[in-house]
Amino acid sequence: MELSSEAGALQEKPWTLISYCLAHQTILHLALSVFLLSLLIVLVKVQEGVFWALFVIGVFAGGVSFLLLFPLSGFGDGSLVGASAGICSLAPITLYRAFSKKGDVLGHALAWVLMLVLVADFVSFIVIGSPGFLSHIGGYIAGAAVMIPVCANERADRERTAERERIHSKAARSGIGSLSAKEWEIVTHKREV
């Protein structure tokens, strides 16, 4: 199930590019992964399908990152296990969502805990030099790459909703005759905002 750093191993066991996330080194490793995943589930607040798709994309990107960067690490042969790359892919959108909400004290506190974990992740790589961190890089990059269009779509949806509410408010206040042709088309759903 583990992803080997050996060049030919992936040809023999291609499923290991994903299956490595199901195995963990120790119970503590598994417990930490479950804790972080639980924290992200509380914070991220995206559709379930988006959440798991992002997780799987992070796992895949983490495996690819590990395979590409491992030869540069100076280590001999190695292998990768754990779900941390998938977890890392959820961090960018989680932090964006948590800090963009005003007045969410609990969400901000949990986001700061996540920030401390991320800083500890980078520091531990510098101090310990664990090759497993190479997969985290892929997870972070994949998460940021997916977060940008998802957040842009959400922002556009919020703007469309706000425009419709403004038009409905104008119609309620001044009458339907006060609407421009463009506003009328938006209200009657013949035109997008």
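Among contacts in this chain between residues at least 6 apart in sequence, 68% join residues at least 24 apart, a contact being heavy atoms within 4.5 Å. Before going on, a word on the source: this is a predicted model, where local features need pLDDT of at least 70 and side-chain atom pairs count only at pLDDT 80 or more, while totals for chains, interfaces and linings use all residues. Residues are numbered from 1 along each chain as its sequence is written, and side-chain values use heavy atoms, with hydrogens and water left out.

First, the overall layout. The chain has 8 helices and 2 strands, in the order β-α-α-α-α-β-α-α-α-α along the sequence. Helices here are DSSP runs of H or I with at least four residues, strands are runs of E with at least two, and both are numbered from the N terminus. The radius of gyration is 22 Å, well over the 16 Å that the globule rule gives for 193 residues, so the chain is more spread out than a compact globule. That radius is taken over C-alpha atoms, and the rule is 2.2 Å times the number of residues to the power 0.38. Along its principal axes the C-alpha trace spans about 75 × 40 × 25 Å.

Now the surface. The accessible surface of the chain comes to about 11,300 Å², and 67% of that belongs to carbon and sulfur atoms. Areas come from the Shrake-Rupley method with a 1.4 Å probe, and for residues only the protein chains shown count as cover. Of the 193 residues, 35% are buried. Buried means under 20% relative accessible area, exposed means over 50%, and partly exposed is in between, with a 1.4 Å probe and protein chains only.

Next, helix α4, residues 48-69. Its 22 residues reach 31 Å from first C-alpha to last, close to the 32 Å expected at 1.5 Å a residue; the expected span is 1.5 Å times one less than the number of residues.

Ile126 sits in helix α6, residues 105-128, and is exposed at 69% relative accessible area.

Last, the charges. The structure holds 4 salt bridges, each a side-chain nitrogen of Lys or Arg within 4 Å of a carboxyl oxygen of Asp or Glu. Arg160 and Asp157 form one, at 2.2 Å, N to O. They are 3 residues apart in α7, or about one helical turn. Arg160 is partly exposed at 24%, and so is Asp157 at 40%.

Glu183 is buried, with 8% relative accessibility. Which side chains meet that of Glu183? Arg166 does, at 3.0 Å, N to O; this pair links α7 to α8 (residues 181-187), 17 residues apart. Lys170 does as well, at 3.0 Å, N to O. Lys170 lies in α7 and Glu183 in α8, so the pair ties together parts that are 13 residues apart in sequence. Shared partners join Glu163, Arg166, Lys170 and Glu183 into one network of salt bridges.
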